[in-house]
Amino acid sequence: MEFVIAFVSFMVWPLLAGLLVTLVLEHLILRQMDSAPVVFWRRSWSAQLAHVGYWCASWALCTLITQRPWFSVVVVNALWLVVLQVSHTKYVSLREPFLSQDFEYFTDAIKHPRLYIPFFGIGLTIAALCAGALAIGTGLWLEPALGFSARYADDTGAWLVPLIALLLASGAMTYALGNRLTRDIMLFPEYDLRERGMVAYLLAYARLARRPLMPDHDPLQVGNEDAPGCLPHVVSVQSESFFDARRVYPKVRDDLLPNLDRCHFTALSQGLPCGRLAVPAWGANTVRTETAFLTGLTAEQLGVHMFNPYHQLARRDVSNLAASYKALGYRTLCIHPYPGTFYLRNQVLKRMGFDEFLDIAHFSDADRCGQYISDAAVAAKVEDCLLAAGDTPLFIQVITMENHGPLHLETLDTARLSEWHDGDLPDNCQELGIYLRHLVNADAMIGQLTTALSRLPRGGLLCFYGDHVPIMPEVYATLGEPNGVTDGFIWSSALPESDDTARQTMATVRDEDPELMEWALDCDGPFKTDEQCRKGDPRVTNIDTLGSALLEATARHARHSAATQKFRSLS
């Protein structure tokens with residue numbers, strides 16, 4: 001009887017009131033998405049029980065720690081509100097709600113506050129921390145602990161036993177529902193959240209994330225033949241937040257990106273991929289694009305791991321571009337001017353087979369442009385590595401940082417705006433001007449690297465692509481937003497730039513070495529003008545096919561070099 005009285009006296013009302021608050025808060029936040037959420041009583045029974053189980057377990061645990069039932073209602077719901085608000089902020093900025101894989105970003109926000117807190121709002125973050133501290137202090141002062149209250153001081157079991165029983169029962173029920181919830185998940189975060197509610201959605205994604213990544217084939221396999229001739233150096237650049245803004249904003253100057261235009265023009269005439277690139281990230285989540293390029297794995301093959309693939313890649317070996325080049329005899333190197341522990345890159349890249357990883361420790365503050373290490377400094381580091389390579393071909397994967405947001409923390413250089421944009425920018429679109437300055441620097445990096453590769457005896461290939469579009473919410477609200485497609489190309493220093501050049505070279509060696517001719521390049525793609533190239537190819541290349549295309553281009557480059565050497569010897 002005492003158990004029932006204790007349960008009713010201090011557990012029922014806080015439990016019911018707190019549960020109601022969680023549902024109200026969730027509905028108010030989620031209704032701000034493009035599609036309204038399904039109300040609680042229309043969700044599946046497993047989703048309903050998961051939400052109730054979460055609340056009961058969280059409240060019981062907090063009450064066991066604080067011995068204050070009503071104070072625990074406030075604390076648990078405050079944390080609940082933080083998750084909901086972070087999800088809404090992420091949805092507005094990245095068009096994707098909060099994921100179970102995103103919980104690690106709370107610790108990342110402490111380690112790397114510049115990357116996260118400005119998007120949430122510095123003022124809002126400070127206000128939330130102050131309000132939280134004030135609420136905790138007030139709650140502890142107003143509500144006495146159960147162990148010291150007159151009613152329960154002499155009988156600890158009257159409140160301790162029901163709390164422990166509730167914690168164990170609700171926790172076990174919620175855990176048991178995990179597998180049931182995964183059956184109905186579609187892996188479209190906005191849809192799953194709207195249909196299941198935040199608790200069931202997070203629980204299902206967390207349970208799916210425990211399943212190992214097991215790709216069923218090697219998407220980078222492009223043939224077993226060895227390419228003849230001298231292998232070229234290969235540099236691939238994942239350029240932070242890079243896309244051709246001229247496609248979206250007509251007042252951006254036509255001559256903004258001359259090196260991109262030149263390489264597009266060359267790649268088109270060489271029959272290599274160039275133009276628009278479909279990537280699995282919008283505004284952030286760089287490692288999704290990084291994984292697709294390096295492994296060739298599609299979203300369907302990654303499953304739930306598509307949202308943060310490096311959790312699995314840090315523990316499991318998969319076929320990848322670095323390993324493929326290493327098998328060809330290349331030395332493999334990755335350059336990323338940021339702490340190597342971020343996204344577990346120091347573990348993932350080593351497992352992939354990169355011989356060396358140069359992170360921010362290999363740069364200095366003098367190398368900065370804005371908030372991060374400049375593209376010019378990274379390009380100079382690549383040049384140094386190429387010059388020091390000796391007789392060994394290099395594959396260098398570069399992941400830049402200069403153009404990483406938040407852009408509103410930088411100051412617009414109004415004196416140079418006319419170099420990038422025709423006319424003034426709207427008052428709330430200063431970020432676009434800042435972004436264009438970084439785009440120009442990325443374009444200069446293209447010129448710096450193509451010049452360096454052209455001067456080397458081996459020659460080389462440059463693969464350059466944007467990982468995602470930038471975060472510029474006010475610009476998008478005023479001037480329109482991009483569709484998320486970025487831009488990229490593969491450029492070769494040796495492949496001919498027209499059909500005629502290719503045919504002339506091949507005709508010279510056809511009779512002398514028919515086997516080599518069989519392997520050699522045959523450009524059959526359309527030859528386009530600079531103007532056509534600048535506007536972009538309407539076709540879209542998928543990022544998960546770009547790595548295979550780079551391997552194929554490497555083999556074609558080597559074969560053409562061998563044919564050219566044969567041509568010179570015959571001459």
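"Buried" here means under 20% relative accessible area, "exposed" means over 50%, and "partly exposed" is in between, with a 1.4 Å probe and protein chains only. By that rule Trp13 is exposed, because its relative accessible area is 57%. Keep that tryptophan in mind, I'll come back to it.

Okay, housekeeping. This is a predicted model, so local features need pLDDT of at least 70 and side-chain atom pairs count only at pLDDT 80 or more, while totals for chains, interfaces and linings use all residues. Numbering runs from 1 along each chain as its sequence is written, and side-chain values use heavy atoms, with hydrogens and water left out.

So, the overall picture. The chain has 23 helices and ten strands; those are DSSP runs numbered from the N terminus, H or I with at least four residues for helices, E with at least two for strands. Of its 571 residues, 54% count as buried. If you take contacts (heavy atoms within 4.5 Å) with a separation of 6 or more, 79% of them come from residues 24 or more positions apart.

Together with Leu16 and Trp70 it makes a nonpolar surface patch, with about 380 Å² of accessible area between the three. The patch rule takes residues with over 30% relative accessible area and no salt bridge, joining like charges within 9 Å and nonpolar side chains (Val, Leu, Ile, Met, Phe, Trp, Tyr) within 5 Å.

Most residues other than glycine have a negative phi, and most peptide bonds are trans. Here, Gly405 and Pro406 are joined by a cis peptide bond, omega about 5 degrees, and Pro406 is in the loop between strand 7 (394-399) and helix 17 (417-420). Then there's Ser241, not a glycine, with a positive phi of about 55 degrees. You'll find Ser241 in the loop between strand 1 (233-239) and helix 10 (258-270), and it counts as buried because its relative accessibility is 3%. Asn285 is another non-glycine with a positive phi, about 60 degrees; it's in the loop between strand 2 (274-278) and helix 11 (286-295), and at 8% relative accessibility it's buried too.

On a 1 Å grid over the protein atoms alone, a cavity is a set of points where a 1.4 Å probe fits but cannot get out, and a pocket is an open set with protein on both sides within 12 Å along at least five of seven lines; lining residues have an atom within 4 Å of a point. Points are joined across faces, edges and corners, and a volume is the space filled by probe spheres set on them.

The second largest pocket comes to about 750 Å³. It has 31 lining residues, and the closest to its centre are Pro280, Ala281, Arg288, Ala299 and Met306. Which helix gives the most to that lining? Helix 12, with three residues.

For cavities, the search finds two of 30 Å³ or more. The largest is about 50 Å³, and its lining includes Ile29, Met33, His88, Tyr91 and Leu193. Helix 3 gives the most there, four residues.

Last topic, salt bridges: a side-chain nitrogen of Lys or Arg within 4 Å of a carboxyl oxygen of Asp or Glu. The count is 19. Glu96 is buried at 9% relative accessible area, and Arg288 is buried at 7%.

Asp317 is exposed, at 59%, and Arg351 is partly exposed, at 36%.

One more: Arg437 and Glu410, closest N and O atoms 2.9 Å apart. Arg437 lies in helix 18 (residues 430-455) and Glu410 in the loop between strand 7 and helix 17, so the pair ties together parts 27 residues apart in sequence. Arg437 and Glu410 are both buried. Over to you.

Definitions and conventions
Accessible areas come from the Shrake-Rupley method with a 1.4 Å probe; for residues, only the protein chains shown count as cover.
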